[in-house]
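This briefing looks at how two protein chains meet, starting from a single residue and then widening to the whole interface.

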Amino acid sequence: MTHLASPNHAGIYKYDELDRRFVMERVEQFRDQVQRRLAGELSEEEFRPLRLMNGLYLQLHAYMLRIAIPYGVLSTAQLRTFAHIARKWDRGYGHFTTRQNLQFHWPRLVDVPDILAELAKVDMHAIQTSGNCVRNVTADQFAGVAPDEVVDPRVYAEILRQFTTLHPEFVYLPRKFKIGMTGAPHDRAAIAIHDVGIAAKRAEDGRIGFEVFVGGGLGRTPFIAVKTRDFVPEEDLLAYLEAVLRTYNRLGRRDNMFKARIKILVHELGAEKFIALVEEEFARLPREKYRLEPEIVEAIRRSYTPPPYEDRPADSLALDREMAGNADFRRWVEVNVGAHKQPGYAVATVSLKPIGETPGDISADQMDAVADLADRFSFGEVRVTHEQNLVLAHIKRDDLFALWQGLDAIGLATPNLGLISDIIACPGLDYCALASARSITIAQDISKRFADLERQRDLGELKIKISGCINACGHHHVGHIGILGVDKKGEEFYQLTIGGSAAEDASLGQILGPAFAYDDVVGAVETLVDVYVKQRQPDERFLDTVRRTGLNPFKEALYGVA
Amino acid sequence: MALLEHGRIAGEDQWVAVADDAAVPDGVPVLLSLARWRAERDALDGRNAPVGVRLRSDQTADDVAADLDRLSLVAVEFPKFRDGRGFSVARELRERYGYKGDIRAVGHVIADQHTFLLRCGFTSVVVPDGARLESWIEALDRITVAYQPDMISGEPVSLLRRHLAVRS
């Protein structure tokens, strides 16, 4: 591989010798486990959790390898490694997920140790991206650059990543365990639907602490997380998490995998009782041993030193000129580009939802091209969002036009961030062994129906989320419009919900009525949109209208007057 | 069944597991169920040989906390290797209750858990029949780096904490 030397300013944790040794040892351990499985020393039952904890699933047609992208931040060297792996061992593309990970859908078992070794060269791994353990810690994709940010969550997400990596007590939990973090009042990390959601904040005296929420999750029994602590002081973050995890490990149900998530424990005990148990455990932990010293935090924080921004004027005449002269560019800037806390810079979201394509998919060539653009314009860093898009977080406003041209040339300049075609969809029946119905093709059809970009903009923020089964990987419960695929006597049907949200105003969508046949889904979505257009008041988003009017106008339009 | 102690192959297991309805033999270390121990602990106190208790996976460290100074061994049962409750039981016995005796993993455990067991405070493991003993020993050398405090090292030098060392 030859490529531009990337400046080493990506906001990723900088590995040292021990981190590298750890990841390499893990690769060799897995190589040995594969051999022991092939030799029959490990049963398939025993091998299964071991491969899962290295990110390897068995899906409908093939294995799937899920690679961890801690809090969604990549260096361009790491992104190029994905491209290389996609070409050498997979089918030339990868898929970004709602947990800021990357999946390859076609690797062979025998190649996986070599793929992991290739990843280790760029300080990456697939550890704990699956299995009943603490998964990749996710965070706000605008960490460190968002104007509304109070605390940079990456620092603490990294600390938690390290603390939970092969934590000897919590590798065999009752079920998977997901942690999401934000450090801004506007929640872009969907923390309310995580097993543990953490909002970093500052007390009045400036001390950093954490608001903690436990027991959120989707799946067949969705819950919004309950607040268990208003302020965990920074030094107690690890002790508090240890107490939560230990309470769950001891008491979480193991008799029924569908009731094993911590949300069920919280629900069955009641929030008050659960909180009391956690506090009791917390009070009895040797606090010194788990104390997060400020020096550790500062050492970790050094990895997230802002890149060397130039002093620039807030406004860009060049940008104004290009926007005035090019309607497509203007639209892209208005929809996909956001404010940066550094004057003269902007945050650009690269939509991985081109009209009619698979949400979250990206080809190896596109990966390389995005890496080149990130080297030229964004300090060699690329980020992944839980909504399955990419972010180039540090673009000079003067450079936006050149960046847009570069993105347009590779088909990644779709101006639809947050709009109706910016759809979250799980892989569904096209890949997944659990799926009841297709999700990707539904997303593609909706995207094509609303292909008119001006119409999309007129509709404003509208989040459609599609799951191909009740496990809800496509987050349908928290879609402004949620679509759930179900299997009715061998046919694909889809249940529609409206009114969900994964943001700071988190809520679960409500079911509108009987499910629709595959061919009727897009029309039903359009009916919902038409009701919104008729009912909306000035500045009202689809979600706001639903909350104001309730479900009735939408039900009537879909099913007729009851 | 082979026995591992502190990560090494140990001699023959001296402990005699006694069924709830069998007589407790004199002069040898005996391993009893929690129910048996609770029912007969006063009578057992005068014994001339050590007593241990075997906890089922639904029993916790709290259940034996009051008796720990009279027990030389706490055996923690793993019904399936995927059932990780035992890790927290061992950790609480050490960390919360300061137990200094032997904590033994019994039941379905696999070689790939050996390091986790020791790091949570287990000191011995009854290796399931048919398992390859060498794999259990080799497993300890596979991952030599840890990111969090544990029950092996007195002073926890976790990877997180090494940042302190780098600085000073």
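**One arginine at the interface**

B:Arg96 is found in the loop between H3 and strand E7 (102-107) of chain B, where helices (H or I, at least four residues) and strands (E, at least two) are DSSP runs numbered from the N terminus. This is a predicted model, in which local features need pLDDT of at least 70 and side-chain atom pairs count only at pLDDT 80 or more, while totals for chains, interfaces and linings use all residues. Residues are numbered from 1 along each chain as its sequence is written, chains are lettered from A in the order in which they are written, and side-chain values use heavy atoms, with hydrogens and water left out.

**Surroundings of B:Arg96**

- B:Arg96 counts as buried because its relative accessibility is 15%, buried meaning under 20% relative accessible area with a 1.4 Å probe and protein chains only.
- Not counting residues up to four places away in sequence, B:Arg96 touches A:Arg250, A:Glu280, A:Glu281, A:Arg284, B:Asp62 and B:Arg91, contact meaning heavy atoms within 4.5 Å.

**Charged pairing**

- B:Asp62 forms a salt bridge with A:Arg250, with the closest N and O atoms 3.3 Å apart; the term denotes a side-chain nitrogen of Lys or Arg within 4 Å of a carboxyl oxygen of Asp or Glu.
- Between chain B and chain A, the count is 12 salt bridges.

**The interface as a whole**

- Chain B brings 41 residues to the contact and chain A brings 51 residues.
- About 4,400 Å² is buried between chain B and chain A, and carbon and sulfur atoms give 54% of this area, which is the accessible area (1.4 Å probe) that two parts lose on being put together, summed over both.

Methods
Buried means under 20% relative accessible area, exposed over 50%, partly exposed in between (1.4 Å probe, protein chains only).
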